[in-house]
There are 2 protein chains.
Amino acid sequence: MTPEEISAHQARYEGEVARQWAQGPSDGAHDLGHLRRVWRAANLIAMDEENVDNRVLLAACFFHDLVNVPKDSVLRRSASRLSAEAACTFLREDGFDPTKVHLVAHAIEAHSFSAGIAAETIEAKILQDADRLEALGAIGIARMFHVAGSMGGGLFDPADPMAQHRPLDDRQFALDHIQTKLQHLAAKMHTATGRAMANERTDWMLSFRTRLLAEIK
Amino acid sequence: MTPEEISAHQARYEGEVARQWAQGPSDGAHDLGHLRRVWRAANLIAMDEENVDNRVLLAACFFHDLVNVPKDSVLRRSASRLSAEAACTFLREDGFDPTKVHLVAHAIEAHSFSAGIAAETIEAKILQDADRLEALGAIGIARMFHVAGSMGGGLFDPADPMAQHRPLDDRQFALDHIQTKLQHLAAKMHTATGRAMANERTDWMLSFRTRLLAEIK
């Protein structure tokens with residue numbers, strides 16, 4: 001694709017996302033900025049990979065959160081499947097290569113950890129890596145506490161912020177989320193570039209945690 | 001006061017705070033941990049100051065958020081006055097020196113920026129400095145995004161995160177709060193120790209902002 005073609009597809013995809021999001025519940029952590037950052041990171045990662053279909057990757061990046069299900073909803077596990085279905089419906093109407101729509105669907109379905117579907121194509125692996133980067137680094141910290149605020153959870157356990165004498169509980173204490181999930185993400189990255197970026201962001205995130213613990217000790 | 005006396009007063013004050021908070025709306029950013037950290041920072045600051053009444057400071061620290069008013073309520077500006085009144089009622093019953101209750105009330109009333117009351121006593125100055133430290137550093141960043149999540153605000157403006165081409169709006173974009181308020185707090189500190197701690201935390205906070213902007217650019 002030429003840069004002009006990418007821009008044209010992106011503008012149309014963003015328009016569709018905005019239209020569908022306007023009909024459902026919104027949350028401050030998912031917005032067009034998130035989609036653009038995932039697409040940018042996916043591009044960086046794709047440069048070091050072979051046989052990447054950029055049209056598939058572009059559509060997967062912009063539609064991976066098309067159906068927004070609140071984190072505390074029982075439908076949460078179905079969000080990526082619902083997003084894949086809604087994306088396919090749009091793409092078929094939009095003239096997307098019908099022999100490749102299923103590749104977009106697979107990347108979207110597999111991107112979410114909670115869906116329990118292994119990423120089997122390079123586009124699915126790149127999308128998952130790029131999306132996971134948003135959970136790490138300074139943006140990951142910002143989103144982690146924002147989600148806690150929106151769901152009524154606390155910052156950390158003032159009596160035991162490191163969870164040395166209690167089970168981890170990241171619903172109740174946002175800071176626990178680093179230990180339950182975020183610090184393990186880098187090891188699950190599929191691509192070399194994604195893993196390098198994840199390692200750097202994980203190191204910074206752990207330094208944030210160390211600093212926070214020192215401030216509140 | 002001996003350490004044992006401090007512990008005894010603190011336990012009684014915490015019990016009263018927990019009792020009153022259980023009756024009203026709660027938020028994840030204000031909890032007993034916040035009160036204890038403010039008291040700890042106040043103690044650090046007080047070591048370098050003269051003529052500090054520790055009994056007044058202890059009561060002011062633990063009761064400064066006694067009446068919790070949501071940030072988006074029209075009563076928000078009255079929260080510190082309501083907290084001061086509730087604290088006085090309790091302290092008179094609790095055998096607090098009746099000639100010094102007004103000193104606790106002044107420290108509580110003056111601690112909040114939005115109340116518009118100048119801190120005139122050393123205890124009021126120390127409480128305000130100690131409370132402001134909680135808005136800076138890693139704890140300040142955590143609270144800033146948590147508040148945004150709980151109030152339905154966004155993380156930042158994806159189109160213009162540095163607010164170069166729009167007015168600052170920290171209701172809509174949490175990151176703007178650094179520019180509208182947090183980066184100016186250190187210059188408003190009353191005490192030398194408080195200012196030194198605030199400067200260090202402000203420097204770290206600005207490095208967080210620089211990193212976040214680089215990640216999302």
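Predicted model: local features only at pLDDT ≥ 70, side-chain atom pairs only at ≥ 80, totals over all residues.

Student: Okay. A:S83, buried or exposed?

Tutor: Buried. Its relative accessibility is 1%, so A:S83 falls under the 20% cut-off.

Student: Where does A:S83 sit?

Tutor: In helix α4 of chain A, which covers residues 79–93.

Student: And what does A:S83 touch?

Tutor: Leaving out residues up to four places away in sequence, A:S83 touches A:F63, A:H64, A:D65, A:L66, A:V67 and A:I108. The side chain of A:S83 reaches the backbone nitrogen of A:L66 at 3.4 Å.

Student: How far is A:S83 from A:L32?

Tutor: Their C-alpha atoms are separated by 15 Å. Along the chain, the two are 51 residues apart.

Student: Back to A:F63. What is A:F63 in contact with?

Tutor: Neighbours within four places aside, A:F63 is in contact with A:Y13, A:E16, A:V17, A:S83, A:A87, A:F90, A:L91 and A:I108.

Student: How many residues are in the largest nonpolar core?

Tutor: The largest nonpolar core has 127 residues. A:F63, A:F145, B:F63 and B:F145 have the most contacts inside that core. As a general point, nonpolar side chains in soluble globular proteins tend to be buried together.

Student: New topic. How many residues does each chain put into the contact?

Tutor: Chain B gives 33 residues and chain A gives 33 residues. The area buried between them is about 2700 Å². Carbon and sulfur atoms give 61% of that area.

Student: Which three residues supply more than any other three on the chain B side?

Tutor: B:L155, B:R211 and B:E215. They supply 22% of the area that chain B buries against chain A.

Student: What about polar contacts and salt bridges across the interface, how many?

Tutor: There are 12 residue pairs in polar contact across the interface, with both residues at pLDDT 80 or more. Salt bridges between chain B and chain A number two.

Student: Which helices of chain B are involved?

Tutor: α2 (32–46), α7 (137–151) and α9 (192–216) of chain B each supply at least two residues of the side that touches chain A. The largest share, 11 residues, comes from α7(B).

Student: How do the residues on that side of chain B divide?

Tutor: Into 16 nonpolar, eight polar and nine charged.

Student: Which residue does A:R211 form a salt bridge with?

Tutor: B:E200. The closest N and O atoms are 3.0 Å apart.

Student: Why does that pair join two chains?

Tutor: Because B:E200 lies in helix α9 of chain B, while A:R211 lies in helix α9 (residues 192–216) of chain A.

Student: How many salt bridges over all chains?

Tutor: The structure holds 22. In general, side chains of opposite charge can pair when their charged atoms come close.

Student: Now B:D94. What does B:D94 pair with?

Tutor: B:D94 forms a salt bridge with B:R12, with the closest N and O atoms 2.8 Å apart. This pair links distant parts of the chain, 82 residues apart. B:D94 is in the loop between α4 (79–93) and α5 (101–111) of chain B, and B:R12 is in helix α1 of chain B. B:D94 is partly exposed at 23% relative accessibility. B:R12 is partly exposed at 32%.

Student: And B:R36, which residue does B:R36 form a salt bridge with?

Tutor: B:E14, with the closest N and O atoms 2.7 Å apart. B:R36 lies in helix α2 of chain B and B:E14 in helix α1 of chain B, so the pair ties together parts that are 22 residues apart in sequence.

Student: B:E14, buried or exposed?

Tutor: Buried, with a relative accessible area of 10%. B:R36 is partly exposed at 36%. Helix α1 of chain B, where B:E14 is found, covers residues 3–21.

Student: What else is B:E14 in contact with?

Tutor: Neighbours within four places aside, B:E14 is in contact with B:L32, B:R36 and B:F62.

Definitions and conventions: Residues numbered from 1 in each chain as written. Chains lettered and ligands numbered in written order. Heavy atoms only, no water. Contact = heavy atoms within 4.5 Å. Buried area = accessible area lost by both parts, 1.4 Å probe. Salt bridge = Lys/Arg side-chain N within 4 Å of Asp/Glu carboxyl O. Polar contact = N/O pair within 3.5 Å; in protein donor to acceptor, adjacent residues only side chain to side chain. Helix = DSSP H or I, 4+ residues; strand = E, 2+ residues; numbered from the N terminus. Nonpolar A, V, L, I, M, F, W, Y, C, P; charged D, E, K, R; others polar. Core = buried A, V, L, I, M, F, W, Y, C linked by side-chain atoms within 4.5 Å. Buried < 20%, exposed > 50% of the residue type's maximum accessible area, 1.4 Å probe, protein only.
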